[in-house]
Amino acid sequence: MSTYSHPAAGAAGPYGVGSPGAAGLPAAPVRPGSDVTPGSAPASAAPAPAPAPAPEDWQYAPRRPFWESRAVRTGALFTALAVCGVIILAVVRQHIGTESFLVGLALAILPVPLLLWAFLWLDHVAPSPWQNVVFAFSWGACAATLVALFANEYGAKLLATTFSASQTQTDRWGATFVAPLVEETAKGAALLLLFAFRRRHIESIVDGIVLAGLAATGFAFTENILYIGSAFGEDKALGSSVLGSATAATFFVRVLMTPFAHPLFTSMTGIGFAIAATCRPRSVWRWLAPLCGWLVAMCLHGLWNSSSQLSPIGFLTVYVAVMLPVFGLVVWLAFWARARELRTVRSHLPVYAAAGWLTLPEPVALASMKSRSRARDIARRHHGEAGARAVRDYAVFATHLAFLRAAATRGAAPADFTAREAELLHHLWHRRPLAQPALTSAAHPFPLWPPPLPTPRRPPMWPPPLSSPPTWGPPGPGAGKHL
């Protein structure tokens, strides 16, 4: 049973949330000193409703039994992933030896920080919750590799016994058909779980690419330990030189030449799940997009694995003609989707500025990463790290609010749209004393600090009337009263 429920239409909600208007927006609170209290009606209207509860009395987390607690479930999940990590590392160490394991670990970890930084930077407009980020990487590094290790071995044995294939044929078929199926399914399972249980946090194509890339980065890290360590063990047994060794060749191909391979394959599945998460509930793309993305991921993976069995010229041809163009296309798509996120902020926040929740320059500032950075610097100079943190959190909540409004615009509003909107507005209102002046100053070419204080007045409650009725709103009864 939740301790927070949204008031009915026309009832007094926190900060006037229950007061419907032409656009279905909650009314903004009024600055201290005004003759209008939160949740009150105009002077010519009916008597003012009861005062809204104090912000500190708001609670959004439902009260659950201990075994249903989110913290307990999160702890159990990460404990299970940690156990999988211990098992897979122990299996790899036993397979290749301690020395080879340490060498493989030292070399395999080199591209990981760069890849993690790239994906987290890409997700900087509206950062995913840290639980999703850690889960995706941990699943790829621990659970997916553990499943793939045993499933690939079983698949190879099944091919050998079913088709009476030789060892060479088994290795070739296994790399071309079995490994792509097993590995892309194991990595994609992380996205399936996030889609099933954390769908509200997948708000754009960027989220799909980032979460898929993190899962694939973790998978590639553990797999590289095995491959590089195995190559080192062979070189040690043969006494090969450093430059002519299999270790150097494996490191060059897997770490320097194609560190993006696994993230590239799995990003196709991530894009599919992102499309499914942002489309209308009954759309055919809800199930078709993830399936198509998964199939494309397997095809790319199989093509890349089969190219390693070609001549050096054939391998380089596939690398230049297929891998690099597809990688460039995904990078372009990621940057385009990131810019689209900022355009969404610019397009859907002005309605809240018209309702009095934001100042008019804020949507412009929040739609620019440079303005956000400038606002954090301004707040940090005058209020320290607390001010910079307030601006950062304010920008994140405002961005999620814009995404929520965009979902309603395209007819994909979640069932709890009203409660989520009220929660986000509540967080914005509590951080506005530090964040709004900084963002307002950052929106101007030559910001001044502090900006002049406005004369206390009642902010506008609703946007100007539209020439045609608004097309957005949550489905079902009451769509014309609240969003």
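User: Is R420 buried or exposed?

Analyst: This is a predicted model. In it R420 is buried, because its relative accessible area is 12% and the cut-off for buried is under 20%.

User: What does R420 form a salt bridge with?

Analyst: With D416; the closest N and O atoms are 3.9 Å apart. D416 has 36% relative accessibility, so D416 counts as partly exposed.

User: How many salt bridges are there in the whole structure?

Analyst: The search finds 9. Some share partners: D377, R380 and E385 are joined into one network that way.

User: Which residue meets R405 in a salt bridge?

Analyst: E421, at 2.7 Å from N to O. R405 is in helix 13 and E421 in helix 14, 16 residues apart, and the pair links distant parts of the chain.

User: Buried or exposed, that R405?

Analyst: R405 is buried, with a relative accessible area of 1%. E421 counts as buried too, at 2%.

User: What about D393, where does its partner sit?

Analyst: D393 forms a salt bridge with R431, and their closest N and O atoms are 3.9 Å apart. D393 lies in helix 13 (residues 369-409) and R431 in helix 14 (residues 417-442), so this pair ties together parts 38 residues apart in sequence. D393 is partly exposed at 25% relative accessibility, and R431 is partly exposed with a relative accessible area of 22%.

User: Switching to aromatics. How many pairs?

Analyst: The count comes to 10 aromatic pairs. One of them is W121 with F335: the ring centres are 5.7 Å apart and the planes are at 50 degrees, so the pair is tilted.

User: Where are W121 and F335 in the chain?

Analyst: W121 lies in helix 3 and F335 in helix 10, so the pair ties together parts that are 214 residues apart in sequence. W121 is partly exposed at 34% relative accessibility, and F335 is partly exposed at 45% relative accessible area.

User: Which residues form a cluster through ring pairs?

Analyst: W117, W121 and F335.

User: And what lies over the face of W121?

Analyst: R338, at 4.1 Å from the ring centre. Elsewhere, the charged end of R254 sits over the ring of Y227, 4.3 Å from its centre.

User: Which residues form the nonpolar patch on the surface?

Analyst: L114, W117, W121, F327, V331 and F335, with about 610 Å² of accessible area together. Helix 3 (112-122) and helix 10 (312-348) each supply at least two residues of the patch. V331 is found in helix 10 and counts as partly exposed at 31% relative accessibility.

User: Now the inside. Which residues have the most contacts in the largest nonpolar core?

Analyst: F135 and W139, in a core of 38 residues. Several helices give two or more residues to this core, including helix 1 (70-96), helix 5 (167-197) and helix 8 (261-278).

User: Which helix gives the most?

Analyst: Helix 6, with 9 residues.

User: Back to F135 and W139, how far apart are the ring centres?

Analyst: The centres are 5.8 Å apart and the planes are at 45 degrees, so the pair is tilted. F135 and W139 are 4 residues apart in helix 4 (residues 130-163), which means they are separated by about one helical turn. Both F135 and W139 are buried.

Key:
Residues numbered from 1 in each chain as written. Predicted model: local features only at pLDDT ≥ 70, side-chain atom pairs only at ≥ 80, totals over all residues. Heavy atoms only, no water. Patch = residues over 30% accessible without salt bridge, like charges linked within 9 Å, V, L, I, M, F, W, Y side chains within 5 Å. Areas by Shrake-Rupley, 256 points an atom, 1.4 Å probe, with all protein chains shown as cover. Salt bridge = Lys/Arg side-chain N within 4 Å of Asp/Glu carboxyl O. Buried < 20%, exposed > 50% of the residue type's maximum accessible area, 1.4 Å probe, protein only. Phe/Tyr/Trp six-rings, centres within 6.5 Å; stacked < 30°, edge-to-face > 60°. Lys NZ or Arg CZ within 6 Å of the ring centre and 35° of its normal. Core = buried A, V, L, I, M, F, W, Y, C linked by side-chain atoms within 4.5 Å.
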